[in-house]
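I opened my notebook to look up a few things in this model. Here is what I wrote down.

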Amino acid sequence: MEKKLLLGDEAIALGAIHAGLSGVYAYPGTPSTEITEFIQSNAIARERGIHSRWCTNEKTAMEAALGMSYAGKRALVCMKHVGMNVCADAFINSAITGVGGGLVVLAADDPSMHSSQNEQDSRFYGKFALIPIFEPSNQQEAYDMMSVAFNLSEAIKEPVLLRIVTRLAHSRAGVVVNEPREQNPLQPSTDQWVLLPGIAKRKYAALLEKQDEMLLSSNKSQFNISEYGTSTEKAKKTGIVACGIGYNYVKEALSHLSAEEQSLYNIEKVSQYPLPEQRIQMLAKESGRILVVEDGQPVVEQDIKGILGTGYMVTGRLTGALPRTGELTPDSVAAALGVETPQVMSPAKNLAARPPQLCQGCGHRDVYGALVKIIEEYPDARVFGDIGCYTLGALPPFKALASCVDMGASITMAKGAADAGLRPAIAVIGDSTFTHSGMTGLLDAINENAAITVIISDNLTTGMTGGQDSAGLNKYEAICLGLGMDPAHLHVVTPLPKNIPDIAQLIRDEIAYEGVSVIIPRRECIQTASRHAREKAKAKKEA
């Protein structure tokens, strides 16, 4: 057995490889990106031919993984939490079809919205789909859970959701690893995965029949641990339900207490769901009150109130014992437990804000340089933005964007505003986001010849998440023409400071056209261009 220093994401990736993985399907999104990148660079994965190309979006990833599972192989789907919204149709229905080879869906949640537009909790999706959920508390569990999750998936013939949070994904710890398991043989399913109503009703009934088995597995799980204090004064004892990474914060807080004080706390660590009801009921019998420590939304707190009823005191995020928003911290958990911890460092004061900015030399900057001129000339102009590096165009010095809601919304929101009579309505979307979720919106606009100007700011990569391949690389003109775009109103320009006046004039001309226009400013991301230049110089030197 070997010990490695791994990020949480890397532990998950290596755990999947060692569990006999045959394919990972993903769209890059922080904090999940490093899982697929690790598999792409791993020697064992390359030797075994594990599929690891990036997908166009999370829905196509989920569906491709389901296809691999149908063929009997083990598949992993990776995304950040908002990606669950994109793949929800396939994800929910996969619980009805069932699986062949093991299928694990990894959702990386982002409490505190470090790089996201909301704080949604993916455990709701697991409950919605009626499937098991795993939530590791540390990197070792993240590694170990992959094998257990794949085995459980194949045992009950259902997908399994594995939920992590940013702090676990991007922190390192030592992980003891095992020998790799062989991949499954090709064994296509003989069952019918056709969700016509008659078949779906039968399969849904079968899913419901598996709930007791899932609950039994959770009650017996090696990842759900009971730790009871030695005090016999039950009424004075606090029962703690510590979910996933929250368990670490609880243990850290209690470490500051004396042995006698620690004897007044009972802990139920929860890292596998459905919520282990037997364990929760036992905890309640041995405690005077319960504090629920969970990172994200009050999923477990609400469930426990349902299990125990209104006559029992349950506290957590809903009651204000823990902050309602943001990620857990050792300090917030200690405060909820009434534990005083030593102040290692005094809080920083008078720090200047350092908002993120577009890189110097970035082509998006020149796009906004042209757009700002247009906005000044047309008081009613609105620029609808999208998800990517270029979202920073909402901030100074540009302050150009009126909206940024979700992947692909720029084009459809611009169309809706134009339908309402707004002129000019301009959409700004990146190359990767366009192929992820923008193409269908453009088709709607083309079909109605909506009076919008669409700017596909093409930096030849998925820049915001580190420079992964963009699905539509060098295909954007062809895609637009294939959707029915009028070639006379499809333009490609080079975003450079010297070209800003010409680009601004082109935008003016297309705004005057009462129909769909597409302008594609194309210049490679400054970060990937620098990396490619270094790689080229290194290769030349080695040659």
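I started at helix 17: strand 14 (382-384), strand 15 (425-430), helix 18 (431-448) and strand 16 (452-457) are among what covers its buried residues. Contact here means heavy atoms within 4.5 Å. Helices (H or I, at least four residues) and strands (E, at least two) are DSSP runs, numbered from the N terminus. The buried residues in helix 17 (residues 409-419) are A409, S410, I411, A414, K415, A417 and A418. Buried means under 20% relative accessible area, exposed over 50%, and partly exposed in between (1.4 Å probe, protein chains only).

I noted that this is a predicted model, where local features need pLDDT of at least 70 and side-chain atom pairs count only at pLDDT 80 or more, while totals for chains, interfaces and linings use all residues. Residues are numbered from 1 along each chain as its sequence is written, and side-chain values use heavy atoms, with hydrogens and water left out.

Next I looked up salt bridges (a side-chain nitrogen of Lys or Arg within 4 Å of a carboxyl oxygen of Asp or Glu). I found 29 of them in the structure.

Which residue forms a salt bridge with D109? I found R163, with the closest N and O atoms 2.7 Å apart. D109 sits in strand 4 (residues 103-109) and R163 in strand 6 (residues 160-165), 54 residues apart. D109 is buried at 0% relative accessible area, and R163 is buried at 0% too.

R163 also meets E135 in a salt bridge (2.6 Å, N to O). E135 lies in the loop between strand 5 (133-134) and helix 7 (139-156), 28 residues from R163.
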